[in-house]
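Subject: Handing over the model

Hi,

Here is the structure I promised to pass along. Could you open it and keep it beside you while you read my notes below?

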Amino acid sequence: RRSAFGRAVKWVFLGFQAVMILLLLGTCAAVAPFLSNPDPEVAVGAGMFGAMATALVWLVWPAGTLLLGLLVLLTRGRKRLIPAPPPP
């Protein structure tokens, strides 16, 4: 079994994944209305902001997943070996 710290790390890992998905979808939802703006400067600015925000999420997501995933693996409980029953 995992310790309390191990369970907390696992929930932080799962929460991080959910937050990254919400940030990615939220960026798309926030930028989309401005992309069709008749003012080209607003549309280009929204496109640039959306590209930068998406790039940041795509950089942070793998790094955070690797770090937290490693912590999840290191905080798991001990493996118990159950001996196989003798053959009949």
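Let me start with F5, which is found in helix α1. (Helices are DSSP runs of H or I with at least four residues, strands are runs of E with at least two, and both are numbered from the N terminus.) F5 is exposed, as its relative accessible area is 55%. (Buried means under 20% relative accessible area, exposed means over 50%, and partly exposed is in between, using a 1.4 Å probe and protein chains only.)

A word on where this comes from: it is a predicted model, in which local features need pLDDT of at least 70 and side-chain atom pairs count only at pLDDT 80 or more, while totals for chains, interfaces and linings use all residues. Residues are numbered from 1 along each chain as its sequence is written, and side-chain values use heavy atoms, with hydrogens and water left out.

Back to F5: 70 residues separate it from T75 along the chain, yet their C-alpha atoms are 7.6 Å apart. T75 sits in the segment after α2 and is buried, with a relative accessible area of 14%. Setting aside neighbours within four places in sequence, T75 is in contact (heavy atoms within 4.5 Å) with R2, F5, G6 and V9. A polar atom of the T75 side chain also lies 2.8 Å from the backbone oxygen of L71, and one lies 3.4 Å from the backbone oxygen of V72.

How do α1 and α2 run relative to each other? Their axes come within 10 Å and cross at roughly 170°, which makes α1 roughly antiparallel to α2. The residues of this contact divide into 23 nonpolar, eight polar and one charged. (Axes are lines fitted to C-alpha atoms, for helices over the stretch in contact, and angles run from 0 to 180 degrees between N-to-C directions. Under 35 degrees counts as roughly parallel, over 145 as roughly antiparallel, 65 to 115 as roughly perpendicular, and the rest as oblique. Ala, Val, Leu, Ile, Met, Phe, Trp, Tyr, Cys and Pro count as nonpolar, Asp, Glu, Lys and Arg as charged, and the others, Gly among them, as polar.)

Next, the core. The largest nonpolar core has nine residues: V9, F13, F16, M20, L24, V57, W61, L68 and V72. Two or more of its residues come from each of α1 and α2 (40–74), and α1 gives the largest share, five residues. (Such a core is a set of buried Ala, Val, Leu, Ile, Met, Phe, Trp, Tyr and Cys residues joined through side-chain atoms within 4.5 Å.)

L68, in helix α2, is buried at 14% relative accessible area; beyond residues up to four places away in sequence, L68 touches V9, V12, F13 and F16. With the same exclusion, V57 touches M20, L23, L24 and P62.

Then there is Q17, in helix α1 (residues 4–35). Is Q17 buried or exposed? It is buried, with a relative accessible area of 18%. The side chains of Q17 and W61 are joined by a polar contact of 2.7 Å.

Best wishes

Methods. Polar contact = N/O pair within 3.5 Å; in protein donor to acceptor, adjacent residues only side chain to side chain.
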